Amino acid sequence: MAKQNRFSFDLLGQVTVVIRSAGERTLQTCKRLIIEQGLKPDSVFIVNERPFSEALKKSFQIGYKQGRPWTFCVDADVLLRPKSIITMVEYAETLPENTCEVQGFVLDKFFGGPRQAGNHLYRTALLPIASDFIQKENHNIRPEYSTLKKMRDAGYPYHIADYVLGTHDDEQYYEDIYRKCFTHGIKHIKHADLLGAIWKANADIDQDFNVALCGLADGFVTKE
């Protein structure tokens, strides 16, 4: 057991964590849960740049400058399970060296189950290449996903791990819920009917879902 603990701490020492924040209510909880996993505080960074493409670029810059083999980017609205970081790194270590990124699943409050969101374990050595592929929001509403697709096309695939590493969008400010669900009304329009039905069913017991419905509806109108 002691040998495994030493190995785990050695591997955690190879990770820089960058928390991307837009003022989320859960920022400090997100950071605390990361440090409780064994990360040293000086290996955990917070970026607040806007728009998101600038936060992405800054995250890559920090990861590359720190020089650790892995850069784990996590959104401040993701609350990680214990040992989730070491689990992801151990898995990533088994993948081919041209794999640029690994991401797991989160239990999403508003999608009603697991989905890919808010967590990206990057191979630090490939971050300069990825940085060149970042597009601004006026060119692409999903700059990180677009960057990963371009990396894949360039011969650096990303990988989806069949692992739930935490929760997403719990305990958020109403303003942030509205903003995100407004975006869902644009990005995930094909799921609008299903999302709307789930949220209506929960609206009487959780005010968050009433806010979500308003955001979704306004995003849908904007898309039209």
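**Cysteines, cores and rings in a predicted model**

I will begin with Cys-214, which at 46% relative accessibility counts as partly exposed; throughout, buried means under 20% relative accessible area, exposed means over 50%, and partly exposed is in between, computed with a 1.4 Å probe on protein chains only. What we are looking at is a predicted model, in which local features need pLDDT of at least 70 and side-chain atom pairs count only at pLDDT 80 or more, while totals for chains, interfaces and linings use all residues. Residues are numbered from 1 along each chain as its sequence is written, and side-chain values use heavy atoms, with hydrogens and water left out.

Let me stay with the cysteines. How many disulfides does a search of the whole structure find? The search finds zero, where a disulfide is taken as a pair of cysteine sulfur atoms within 2.5 Å. Cys-100 is in no disulfide, and its nearest cysteine sulfur, that of Cys-73, is 12 Å away. Cys-214 is likewise in no disulfide, with the sulfur of Cys-181 as the nearest one, 9.9 Å away. Cys-100 counts as buried, at 2% relative accessibility.

Next, the backbone. The peptide bond from Arg-50 to Pro-51 is cis, with omega near -5°, and Pro-51 lies in the loop between strand S2 (44-47) and helix H3 (52-66). Helices (H or I, at least four residues) and strands (E, at least two) are DSSP runs, numbered from the N terminus. Lys-83, although not a glycine, has a positive phi of about 70°, and sits in the loop between strand S4 (78-80) and helix H4 (84-92). Asp-169 also has a positive phi, near 75°, in a residue other than glycine, and is found in the loop between strand S8 (158-168) and helix H7 (174-187). Is each of these two residues buried or exposed? Lys-83 is exposed, with a relative accessible area of 61%, whereas Asp-169 is buried, at 2%.

Turning to the interior, a nonpolar core here is a set of buried Ala, Val, Leu, Ile, Met, Phe, Trp, Tyr and Cys residues joined through side-chain atoms within 4.5 Å. The largest core has 31 residues, of which Val-17, Ile-19, Ile-34 and Ile-85 touch the most other members. Elements giving two or more residues to this core include helix H1 (2-12), strand S1 (15-20) and helix H2 (27-35), and the largest share, five residues, comes from H4.

Finally, the aromatic rings. Rings of Phe, Tyr and Trp (its six-membered ring) pair if their centres lie within 6.5 Å, and planes under 30 degrees apart count as stacked, over 60 as edge-to-face and the rest as tilted. The count comes to four aromatic pairs. One of them joins Phe-110 and Phe-209, edge-to-face, at 5.3 Å centre to centre with 65° between the planes. This pair links distant parts of the chain, 99 residues apart, with Phe-110 in the loop between S5 and strand S6 (113-115) and Phe-209 in helix H9 (residues 207-223). Phe-110 is buried at a relative accessible area of 1%, and Phe-209 counts as buried at 6%. Tyr-178 and Phe-182 form a tilted pair, 6.2 Å centre to centre with 35° between the planes; both lie in helix H7, four residues apart, about one turn of the helix.
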